[in-house]
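My entries follow in the order in which I looked.

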Amino acid sequence: MLKIRAAVLATCFLTAATGLGDDKWPELPYKLVADWPALPAAWNFGEVPGVAVDAKENVYVFNRSPHPLMQFTSSGKFLRSLLEGMVTSAHGVRIDHEGNIWVADHNGHTVLKLNPAGRIMMVLGRRDTPGTTEMNFNRPTDVAVAPTGEIYVSDGYGNSRVMKFSRDGRFLAQWGKKGSAPGEFNLPHSIVLDAAGQVYVADRENHRIQIFTPDGKFVKEWKGFGSPWGLAIAPNGEIFMADGYANRVLKLAPDGRVLGALGSPGKLPGQFAYAHHLAVGKRGELYVAEILNWRVQKFVPE
């Protein structure tokens, strides 16, 4: 009897912690692209926390190896490697509307801006110096850049806040603190902007997505579908979410409804182990970065 009760309690805990349960969402119609991408001989990814796609459909893989930022064509051909020796621990990567590359180095406590040629053009935060001031981060997780140039950083593991900067890197505002009330965070882990400029924050350990105005006013929250680790918004406004606990990708409508799910826990192709972040291509291609499987997988619509 005690064994049965313990098993029931363990199952309830897993359901509460991961969002797993009796979800019957339709399976998303995607097909895995096998053996994507092609790495140089004897190279490997380390843990892969980040992936991004630029306007030319080139794919940037941010990983924890001696070659932290690798660029590939959409077909998987290797193009170049960047940031060797410049990153402490890779986390989020984004491409802005001008083709600049932004990376969050969470254990280095910095956010870097690279121009399309790969040269560092801006440093936010101070390397190896965590803090709570307007000049410091404490393990930032992700970055989003508006078409007008404003920069939003989810300062996630240590400070539980969002910070906003001007196009030229001047501090403008911040909001949030540790907690579970509206506008509070328990690990803001990913951040994206929609076409109207609203700010979507993956509040990972609170198992919700919070939505704010560009100035940080709370608008609403979505929850009940698991733990959001990574967020990406497609050109049509659909939102894709990586759930690293349940090891699946969810597709959400602009109103927060779940439209479908992709993937299951595991080590095999098409499965996920800590699905961490994701990116969406122009034709709906999905790129999913995984921590525990040391890879990024590509899926195309069927």
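**Entry 1**

I began with Phe72, whose bridge partner in β5 is Phe78. I then counted the bridges between strand β4 (residues 69-72) and β5: there are four, and the strands run antiparallel. Strands are paired here if DSSP finds at least two bridges between them. Strands are DSSP runs of E with at least two residues, and helices are runs of H or I with at least four, numbered from the N terminus. The hairpin has five residues between the strands, and Gly76 in it takes a positive phi near 100°.

I note the ground rules here. This is a predicted model, in which local features need pLDDT of at least 70 and side-chain atom pairs count only at pLDDT 80 or more, while totals for chains, interfaces and linings use all residues. Residues are numbered from 1 along each chain as its sequence is written, and side-chain values use heavy atoms, with hydrogens and water left out.

**Entry 1. Aromatic rings**

Which residues share an aromatic cluster with Phe72 and Phe78? I found Trp36, Trp43, Phe45 and Tyr287 in that cluster. Rings of Phe, Tyr and Trp (its six-membered ring) pair if their centres lie within 6.5 Å; planes under 30 degrees apart count as stacked, over 60 as edge-to-face and the rest as tilted.

The structure holds 15 aromatic pairs. One of them is Trp36 with Tyr287, a tilted pair at 5.2 Å centre to centre and 55° between the planes. This pair links distant parts of the chain, 251 residues apart: Trp36 is in the loop between β1 (30-32) and β2 (47-53), and Tyr287 is in strand β23 (residues 286-290). Both Trp36 and Tyr287 are buried. I use buried for under 20% relative accessible area, exposed for over 50% and partly exposed for in between (1.4 Å probe, protein chains only).

I also looked at Tyr152 and Trp175, whose ring centres are 6.5 Å apart with planes at 70°, so the pair is edge-to-face. Tyr152 sits in strand β11 (residues 151-155) and Trp175 in strand β13 (residues 171-175), 23 residues apart. Both Tyr152 and Trp175 are buried.

I returned to Trp36 for its backbone. The peptide bond from Trp36 to Pro37 is cis, with omega near -5°. Most peptide bonds are trans, and most residues other than glycine have a negative phi. Pro37 is placed in the loop between β1 and β2, and Asp35 lies in that loop too. Asp35 has a positive phi of about 60° although it is not a glycine. I have Asp35 down as exposed because its relative accessible area is 77%.

Arg139 also has a positive phi of about 60° without being a glycine. I found Arg139 in the loop between β9 (120-125) and β10 (142-145). Arg139 counts as partly exposed because its relative accessibility is 29%.

**Entry 2. Charges over rings**

Where does Arg139 point its charge? Arg139 lies over the face of Tyr157, at 4.3 Å from the ring centre. For this contact, NZ of Lys or CZ of Arg must be within 6 Å of the ring centre and within 35 degrees of the ring normal. Arg204 lies over the face of Trp229, at 4.0 Å from the ring centre.

**Entry 3. Salt bridges**

I searched the whole structure and got 17 salt bridges. A salt bridge is a side-chain nitrogen of Lys or Arg within 4 Å of a carboxyl oxygen of Asp or Glu.

The side chains of Lys164 and Asp215 form one at 3.3 Å, N to O. Lys164 is in strand β12 (residues 161-165) and Asp215 in the loop between β16 (208-212) and β17 (218-223), 51 residues apart. Lys164 is buried at 9% relative accessible area, whereas Asp215 is exposed at 62%.

Arg283 bridges to Glu285, with the closest N and O atoms 3.4 Å apart. Arg283 is exposed at 57% relative accessibility, and Glu285 is buried at 5%. I also noted a network of salt bridges with shared partners, which joins Asp203, Arg208, Glu221 and Lys223.

Arg257 and Asp255 meet in a salt bridge at 2.8 Å, N to O. Asp255 is partly exposed, with a relative accessible area of 45%.
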